Amino acid sequence: RGNQRDRDRERAAARATSKGKNLKDDGLTPEQRRERDAKALQEKAAKKATQSGGSNEAAAGKKK
């Protein structure tokens, strides 16, 4: 295989470092992360409901 393994290792290392920016290590506890994510989902559902002209109750029903 020649130097293909070495090149693949280098490419994998480069990909790992570029993806390292998106790790879950954001300094939040799991509880804080859940609260943040729940709030984001509620805002997203509210925005979608206002765009489609539906009510928030209908959007909440679809979410569950």
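This is a predicted model: local features need pLDDT of at least 70, side-chain atom pairs count only at pLDDT 80 or more; totals for chains, interfaces and linings use all residues.
The protein chain contains three helices and zero strands, giving the pattern α-α-α along the sequence. The mean pLDDT is 80, with 70% of the residues at 70 or more. Confidence is highest in helix H2 (residues 30-52), at a mean of 93, and lowest in helix H3 (residues 56-63), at 55.

Of the 64 residues, 6% count as buried. The accessible surface of the protein chain comes to about 6100 Å², of which carbon and sulfur atoms supply 50%.

Three salt bridges were found in the whole structure. In helix H1 (residues 4-19), aspartate 6 and arginine 9 are three residues apart, about one turn of the helix. Their closest N and O atoms are separated by 3.5 Å. Aspartate 6 is partly exposed, at 44% relative accessibility, whereas arginine 9, at 55%, is exposed.

A salt bridge with an N to O distance of 3.1 Å joins the side chains of glutamate 31 and arginine 34. Both residues belong to helix H2 and are three residues apart, about one turn of the helix. Glutamate 31 has a relative accessibility of 42% and is partly exposed; arginine 34 has a relative accessible area of 52% and counts as exposed.

The remaining salt bridge links the side chains of arginine 36 and aspartate 37, at 3.3 Å from N to O. Arginine 36 is partly exposed, with a relative accessible area of 40%, and aspartate 37 is also partly exposed, at 37%.

Terms used. Residues are numbered from 1 along each chain as its sequence is written. Side-chain values use heavy atoms; hydrogens and water are left out. Helices (H or I, at least four residues) and strands (E, at least two) are DSSP runs, numbered from the N terminus. Buried means under 20% relative accessible area, exposed over 50%, partly exposed in between (1.4 Å probe, protein chains only). Accessible areas come from the Shrake-Rupley method with a 1.4 Å probe; for residues, only the protein chains shown count as cover. pLDDT is the predictor's confidence in each residue, from 0 to 100. A salt bridge is a side-chain nitrogen of Lys or Arg within 4 Å of a carboxyl oxygen of Asp or Glu.
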